[in-house]
Amino acid sequence: MFCFSLALHYLCNMISKNKQKLLRQLEQKKHRAATGLFLAEGPKVVGDLLAIGPAETLIATEEWATQHPDAETKEWIIVNEDELRRVSFLQHPQQVMGIFPLPKRYGKGCRILQQAKRQSRAANPAEHSCGRNANPAEESCGRILQQAKRQSRAANPPELCTIALPHHEEDMEEAIRHITSELCLALDGVQDPGNVGTIIRIADWFGIQHIYCSPDTADAYSPKVVQATMGSIARVEVVYTDLNLLATQLPEGTPVYGTVLDGENLYSTPLTPHGLLVMGNEGKGISARMASRLTHRLLIPPYPAGRATADSLNVAIATAICCAEFRRVQSS
């Protein structure tokens, strides 16, 4: 241990400018997609991720590294608390940061998305060239497109995931196997990173291992979401795909549940141990397309009935209530 301590001391202050730049870049989904990496912080989250696979890099205080000499990583960077504070995304850094490889499915979806963009540009050259070498009318078109992009970014914060899985037959077959044999969650446009992270944590607590997300749901591997999962991201598979297409591929009779304000009482509706439970956007709820795919429309009733109450529940709280009732019914 003495030699190990000396080695740690030698590695102090070794975080490079390039590594600091990489850490900042991993806050953005485009860089996570390009590098195939994501960032986790804190002993709990990093520890849970190390339990399922090695890190690319561990950035830790000497105290944490000394206590975890067997932590599997390709690179150790030992820093003091001040250095950790400068590169951390947390208000109160917690001894360790880890850079981990993204799941293979995530990178696979990135490549398909990039291919789709190239095909779109090839099929619609006028749309993508608008504003370049253009006449005044085309320049006006370019300004309109830029304005639309700015409005889109304002309506859809940068942490929204625009990465969708390819709709290959094997991907759909695997999703269908899960949904027809166990309870799975679907997040339809849930945009708040804290909500997505909390829902992943709730799924882990209730033994739900698969979550299917629409492309406009917040990216599960952003630092804010990863932190909110408190390590559950290590045990729950999160897949981004076209939920409407997934719902249409399910065998007839597969239950698709969803929470809506005009639904049937959750506590008096027969619930199955398998199927898809859809949770919608914080403000708009489940999209019209997905609402049309629901086979069971659920309502979490206010108490007492008829009393003036809040308009709705937070989506993460609603998810927890529904998951608890599904598991209660299953165990009774």
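Q: pLDDT is the predictor's confidence in each residue, from 0 to 100. What pLDDT does the chain average?
A: This is a predicted model, and its chain averages a pLDDT of 84. A score of at least 70 is reached by 76% of the residues.

Q: Which stretches have a pLDDT below 50?
A: Residues 109-114 are one such stretch, with a pLDDT below 50. Residues 127-142 also have a pLDDT below 50.

Q: Turning to the cysteines: how many disulfides does a search of the whole structure find?
A: The search finds zero disulfides. Cys-322, for instance, is in no disulfide, and the nearest cysteine sulfur, that of Cys-323, is 6.9 Å away. A disulfide would need the two sulfur atoms within 2.5 Å.

Q: Is Cys-322 buried or exposed?
A: Cys-322 counts as buried, because its relative accessibility is 0%. Cys-184 is likewise buried, at 0% relative accessibility.

Q: How far is Ile-300 from Ile-321?
A: The two are 21 residues apart in sequence, and their C-alpha atoms are 8.0 Å apart in space.

Q: Why does Ile-300 count as buried?
A: Its relative accessible area is 18%, and buried means under 20%.

Q: On to aromatics. How many aromatic pairs does the structure hold?
A: It holds four aromatic pairs. One of them joins Phe-38 and Tyr-221.

Q: What is the geometry of Phe-38 and Tyr-221?
A: Their ring centres are 4.9 Å apart and the planes stand at 65°, so the pair is edge-to-face. The cut-off for that class is an angle over 60 degrees.

Q: Which aromatic cluster includes them?
A: Phe-38, Phe-100 and Tyr-221 form one aromatic cluster.

Q: Salt bridges next: how many are there?
A: The structure holds ten salt bridges. Among them, the side chains of Arg-289 and Asp-242 meet at 3.8 Å, N to O. Arg-289 is in helix α14 (residues 288-291) and Asp-242 is in the loop between β7 (237-240) and α13 (243-249), so this pair links parts of the chain 47 residues apart.

Q: What does Arg-297 pair with?
A: Arg-297 meets Asp-262 in a salt bridge of 2.9 Å, N to O. Because Arg-297 lies in strand β10 and Asp-262 in strand β8 (residues 256-265), the pair ties together parts that are 35 residues apart in sequence. Arg-297 is partly exposed, at 33% relative accessible area, whereas Asp-262 counts as exposed, at 55%.

Q: What about Arg-328, which salt bridge does it form?
A: Arg-328 pairs with Glu-325, with the closest N and O atoms 2.7 Å apart. Both lie in helix α15, three residues apart, which is about one turn of the helix. Glu-325 is buried, with a relative accessible area of 6%, while Arg-328 counts as partly exposed at 46%.

Q: Which residues are linked in a network of salt bridges?
A: Lys-44, Asp-48, Asp-204 and Arg-235 are linked in such a network.

Q: Last topic, helix α11: how far does it reach?
A: Helix α11 (residues 193-205) has 13 residues and reaches 18 Å from first C-alpha to last, close to the 18 Å expected at 1.5 Å a residue.

Q: Which of its residues are buried, and what do they pack against?
A: The buried residues of α11 are Pro-193, Asn-195, Val-196, Gly-197, Ile-199, Ile-200, Ile-202 and Ala-203. They pack against β5 (183-188), β6, α12, β7 and α15.

Key: Residues are numbered from 1 along each chain as its sequence is written. This is a predicted model: local features need pLDDT of at least 70, side-chain atom pairs count only at pLDDT 80 or more; totals for chains, interfaces and linings use all residues. Side-chain values use heavy atoms; hydrogens and water are left out. Buried means under 20% relative accessible area, exposed over 50%, partly exposed in between (1.4 Å probe, protein chains only). Rings of Phe, Tyr and Trp (its six-membered ring) pair if their centres lie within 6.5 Å; planes under 30 degrees apart count as stacked, over 60 as edge-to-face and the rest as tilted. Contact means heavy atoms within 4.5 Å. A salt bridge is a side-chain nitrogen of Lys or Arg within 4 Å of a carboxyl oxygen of Asp or Glu. Helices (H or I, at least four residues) and strands (E, at least two) are DSSP runs, numbered from the N terminus. The expected span of a helix is 1.5 Å times one less than its number of residues.
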